[in-house]
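Hi,

Here is the structure I promised to pass on. Please have a look at it first, and then read on for what turned up inside.

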Amino acid sequence: MRAIIKTLSAVTVLVVGFSASAHAATQYPLTVTNCGQSITFEKAPAKIVSIGQGMTEILFSLGLADKIAGTAVWVGPVLKEYEGVNAQIPRLADNDPSFESVVGKEPDLVAAEFEWHVGTQGSVGKREQFGSLGINTYVSPADCVAKINADGGDGVRKELFTMDLIYQQISELSDIFDIKERGEKLVADLRAREAAAVASIGNASSANLPVVFWFSSKEVKGDAYIAGKNSAPAYILKTLGAKNVVSTEEEWPLVGWETIAESNPAVVVIATMDRRRYAADDPAVKIDFLENDPVTSHMDAVKNKHFVMMDAQSMNPTIRTIDGIEILAKGIQALGISK
């Protein structure tokens, strides 16, 4: 009996020890390699400025709203479940905030969704500028892993985006803020949603169905910002078995409509957003152009009115990319062109 009790005690200690290590507290100072830079945290950040809607919604999902002193760069409404907390947080700008407005919030962390805002040629500020003031910066891995942002624009993605980059971001942020259990739960929930989204495709899987994603255009009748071959929309298309009509590695290349028309897409996915930086940000303007332009009006997608409306955030590398899979699958089914 004593031997049995001793064995059971040893097993109990092992199980408890394993459970504790699974959610071990972050050991500070913590050094994280982020987008080619090493950043060290002496403790969990107390005040954040979040630049980029996708970044902000991940921070909300991790339960960090009370640490956010300001946000910027919004393209649409916040996820519905965070409307209340978001309303209590100052919005520094709908688009790019000034360096001064960010620093004025006295954050100890600036978290950015894109390197074009906080990076080598950041439109808000360079990482070194923030660092000289004792402010740490963190940029989403989805915008720098196998991606080149040297020109300060949308960049060139050398490998297909996958949700693993978003899961990496969640894991790293949960380490930084010493909330590993929350991070693991969020990743598990998102993986389950992604699996469910893939399973929901069913007969909507359309091998080689040509599809184009139109985000916006600087000029309504000019070249369009179309999803590149390795972008988040490309990941959505691969999941569905459909085909991107664009083959360039640029994240959002400007493409002429004559070139797009030659590929004759069967479906045009149109970004919806509250942002009105360009006239073509308005989806109604997009559709009016497609139906009345002498070139685009002859595309099969336009003649058949095969338009799928998708919120712009689902076209960016965010937790909403999973929504994009669901939206396009349902759209293809609704249009009656599924396999």
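Which element gives the most residues to the lining of the largest cavity? That is α2, with three residues. Please keep in mind that this is a predicted model.

First, the cavity. The count comes to one cavity of 30 Å³ or more, and about 30 Å³ of space lies in the largest cavity. Two elements, α2 (53-61) and α6 (164-176), each give two or more residues to its lining. If you want to find the spot in your viewer, select G54, M55, I58, E113, S140, I166, Q169, P317 and T318, which line this cavity. By class, this lining has four nonpolar, four polar and one charged residues.

Now for the pocket. The largest pocket holds about 660 Å³ of space, and its lining is made up of 36 residues. To centre your view there, go to W116, D154, Y225, R275 and R277, which are the lining residues nearest the centre of the pocket. Among the elements, α2 supplies at least two residues of the pocket lining, and β10 (210-217) likewise supplies at least two. By class, the pocket lining divides into 13 nonpolar, 11 polar and 12 charged residues.

Happy browsing, and do write back with any questions.

Best wishes

Methods:
Residues are numbered from 1 along each chain as its sequence is written. This is a predicted model: local features need pLDDT of at least 70, side-chain atom pairs count only at pLDDT 80 or more; totals for chains, interfaces and linings use all residues. Side-chain values use heavy atoms; hydrogens and water are left out. On a 1 Å grid over the protein atoms alone, a cavity is a set of points where a 1.4 Å probe fits but cannot get out, and a pocket is an open set with protein on both sides within 12 Å along at least five of seven lines; lining residues have an atom within 4 Å of a point. Grid points are joined across faces, edges and corners, and a volume is the space filled by probe spheres set on the points. Helices (H or I, at least four residues) and strands (E, at least two) are DSSP runs, numbered from the N terminus. Ala, Val, Leu, Ile, Met, Phe, Trp, Tyr, Cys and Pro count as nonpolar, Asp, Glu, Lys and Arg as charged, and the others, Gly among them, as polar.
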